[in-house]
Amino acid sequence: MHYRIFAFDRAKLVTDRLPGQVQDGRPVNGRRPPPFQTRQHRIMSSSAAMLHPPLLMDSHRPTCRFCAAGLRHVIADLGMTPMANAYRSPAEQDRMEPFYPLRAWVCDACLLVQLEEFETPEQIFAADYAYFSSYSDSWVEHARRYVEDVSSRFRLGPNSRVVEVACNDGYLLRWFLPKGVKVLGVEPAANCAEAARARGIEVEVEFFGARTAARLKAQGYQADLMVANNVVAHVPNLNDFVEGFRILLAPTGVVTFEFHHVLNLVRYNQFDTIYHEHFCYHSLSTFRRILARQGLSVFDVEELPTHGGSLRVYAQPQETGIHPTTTRVPALLEAERAAGLTSIDAYLAYGERIKRMKRQLLRFLIDAREAGKSIAAYGAPAKGNTLLNYVGVGTDFIDYTVDRNPHKQGMTLPGTGIPIHDPAKIFETRPDYLLILPWNLRDEIVRQMAGIREWGGRFLVLIPEVKVID
């Protein structure tokens, strides 16, 4: 039996034959479909039945996650890619891999940058979720410093309660324990929650929103501090999520949000941070409006170097908060206005810049391989999978990658099939270039892997520009 994948692009028809059979409603033993770069509609069919519904038609426009306005402008079209954290085991190598359109839209009305939802959070953050925060030394240190700062600033102690939403493996809450602060984590990935519990942290395994917050409040929980680091981007139901913080915060409580600043995504061509797991990309200007709708007001903001340039936003209940607004809030709002983030024009020019960068990256990699240079990679981050799939780089360019996370070792990267090994393999094969995929951790990785210089190995980063580090 044979199945065919059709891609319709206006008047153009592309076909590709895939041998295989059906398992759980999907063809298996198939190979990857071509990464089409425009709004195609994949249809998989057999002589018996339609196996997968077509993608949304061109006449359809999604609506904004915040203000519900119709979306009209795609600012980045990265083609068809798999889920960025869908690492594949040896048993899955001969099964067909699902690919979805990866497009970033911007809302005309509120300027929120956002993606469509093709898989639910329940599917993405399953029991085998592969991201564990504690495998990054610099991120754990970032969390430790944060705990020291907020404990002092907000006078947290044994009579205080801290709730972290998306606590992962306890990388942050662990630092409150020696201070006697009562902590609670909310984490949807059961395997990450178990790792946090092993550190002595109480964890609720579920998604956070208004319903969860109301239940916790009814059980007697109220938070003096709530923490939400790099989670607000992962939430499709944005308004319900933010409402949960208003419900669970004590009247004089504080919530801090950290997220990648969309200004840096656009300014520094950080397109690899776009992947399906991220539903939204925020500016302070837009995020302040999102909070205000749910009765929360911003009173401070910090610019952070993490993840290529992030914001830490401090908010409190509008009616009962006690903290005055710092000068950093209007200063950053003005900086965003000066950078063009309060106008749609700054976003609309972004797509062509991404295409130019793709060509530059391919030129470097082609030239290096033609010169006989070997290339391995370090890391298996979601951002690396966006980069490799969009550029079209697989084992024809990169022999393998390595990662400290044992949950990823022995798997392959989604889409590209690049195998993931223990970092010791670098010193066995001695590649000419070591491509750092989590470029936001560049300095940490260069220190860890300094030994490659013994054989003349060089470090390589591709974002925000191609750079070789001797």
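## A buried phenylalanine pair

Phenylalanine 257 has a relative accessible area of 0% and is therefore buried. The model in which this residue is described is a predicted one, and every value below is computed from it. Phenylalanine 245 likewise counts as buried, at 0% relative accessibility. The ring centres of phenylalanine 245 and phenylalanine 257 lie 5.0 Å apart with their planes at 65 degrees, so the two rings form an edge-to-face pair. Because phenylalanine 245 belongs to helix H5 (residues 238-248) and phenylalanine 257 to strand E14 (residues 249-260), this contact ties together parts that are 12 residues apart in sequence.

These two residues also take part in a cluster, in which ring pairs link Phe245 and Phe257 with Phe208, Phe241, Phe259 and Phe287.

Across the whole structure, the search for aromatic pairs finds 14. One of them joins tryptophan 139 and tyrosine 171, whose rings are stacked, with 6.0 Å from centre to centre and 25 degrees between the planes. Tryptophan 139 is in helix H2 (residues 137-153), whereas tyrosine 171 is in the loop between strand E10 (161-165) and strand E11 (182-186), so the pair ties together parts that are 32 residues apart in sequence.

Both partners fall in the buried class: tryptophan 139 has a relative accessible area of 7%, and tyrosine 171 has one of 2%.

## Charged ends over tyrosine rings

Arginine 153 lies over the face of tyrosine 314, at a distance of 4.7 Å from the ring centre. In the case of tyrosine 400, the charged end of lysine 425 sits over the ring, 5.5 Å from its centre.

A disulfide is a covalent bond between the sulfur atoms of two cysteines. The structure holds zero disulfides. Cysteine 107 is accordingly in no disulfide, and the nearest cysteine sulfur, which belongs to cysteine 67, is 3.5 Å away. Cysteine 110 is also in no disulfide, its nearest cysteine sulfur being that of cysteine 64, at 3.5 Å. The cut-off matters here, because a pair of cysteine sulfur atoms counts as a disulfide only within 2.5 Å.

Conventions: Residues numbered from 1 in each chain as written. Predicted model: local features only at pLDDT ≥ 70, side-chain atom pairs only at ≥ 80, totals over all residues. Heavy atoms only, no water. Phe/Tyr/Trp six-rings, centres within 6.5 Å; stacked < 30°, edge-to-face > 60°. Helix = DSSP H or I, 4+ residues; strand = E, 2+ residues; numbered from the N terminus. Buried < 20%, exposed > 50% of the residue type's maximum accessible area, 1.4 Å probe, protein only. Lys NZ or Arg CZ within 6 Å of the ring centre and 35° of its normal.
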